[in-house]
Amino acid sequence: MRTFLLKVTSPVGGSVHVGLLILRVFVGAMMLTHGMAKLLTFSELSLVFPDPLGVGSTMSLLLLLGSEVVCSILLMCGILTRLVVLPSIFGLLVAVFAIHGGDAFAVKELAWLYMGVYVALFFTGAGRYSVDDLIFSRLQAKEADAIWMETKKETL
């Protein structure tokens, strides 16, 4: 029982990475549903979509769709995680302060919740179970090999 509790509560090991995988997939899928709803009604929505950045309703909608659809898919796969959460954070900041700035907190609560998760993922990264880990672990291995070869040449 003690070993089980130590394994389950230890911050070291695979459980953190499993947690990051679950968080990425869950929040990415949830945000993807928001984006898909907008994508399916694009022609109607593009005429009336808010334009808080002054780029036009259609462009504002396209930018948000990029964040909610494309970035969500990349997030779920763990591809460039720290970069793909930035458009989502920006979009949520615009929603909270520009679109719903005067609204009650209850209206903005979900946006704040998503933003908190995206900020956390920005700082933690994708974790071990991601495409990021595959890419960057190989790059680090190549870099380590290059350093090792350089020090080997210097000793000869």
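The legends below describe close-up views of a predicted model. Local features are given only at pLDDT of at least 70 and side-chain atom pairs only at pLDDT 80 or more, while totals for chains, interfaces and linings use all residues. Residues are numbered from 1 along each chain as its sequence is written, and side-chain values use heavy atoms, with hydrogens and water left out.

**View 1. The protein chain holds seven helices and zero strands.** Helices (H or I, at least four residues) and strands (E, at least two) are DSSP runs, numbered from the N terminus. Of the 156 residues, 28% count as buried; buried means under 20% relative accessible area, with a 1.4 Å probe and protein chains only. Among contacts (heavy atoms within 4.5 Å) with a separation of 6 or more, 67% join residues 24 or more positions apart.

**View 2. Helix α5 (residues 81-99) packs with helix α6 (residues 105-124).** Their axes, which are lines fitted to C-alpha atoms over the stretch in contact, lie 9 Å apart at an angle of about 155°. Angles run from 0 to 180 degrees between N-to-C directions. The two helices are therefore roughly antiparallel, a term for angles over 145 degrees. Residues of α5 in the contact include V85, L92 and F97, and those of α6 include W112, Y118 and F122. By class, the contact has 16 nonpolar, three polar and two charged residues. Ala, Val, Leu, Ile, Met, Phe, Trp, Tyr, Cys and Pro count as nonpolar, Asp, Glu, Lys and Arg as charged, and the others, Gly among them, as polar.

**View 3. The largest nonpolar core has 16 residues.** A nonpolar core is a set of buried Ala, Val, Leu, Ile, Met, Phe, Trp, Tyr and Cys residues joined through side-chain atoms within 4.5 Å. V27, L75, V85, L92, Y114, Y118 and L121 touch the most other members. Two or more residues come from each of α2 (14-40), α4 (57-77), α5 and α6, and α6 gives the most, with six. Leaving aside neighbours within four places in sequence, V85 is in contact with L75, Y118, L121 and F122. Another core, of six residues, lies apart from this one and includes F49, L61, L64 and V69.

**View 4. S130 sits in the loop between α6 and α7 (131-155).** S130 counts as buried because its relative accessibility is 8%. S130 and C77 are 53 residues apart in sequence and 6.1 Å apart in space, C-alpha to C-alpha. Leaving aside neighbours within four places in sequence, S130 is in contact with R24, C77 and G78.

Notes. Parallel < 35°, antiparallel > 145°, perpendicular 65-115°, else oblique. Buried < 20%, exposed > 50% of the residue type's maximum accessible area, 1.4 Å probe, protein only.
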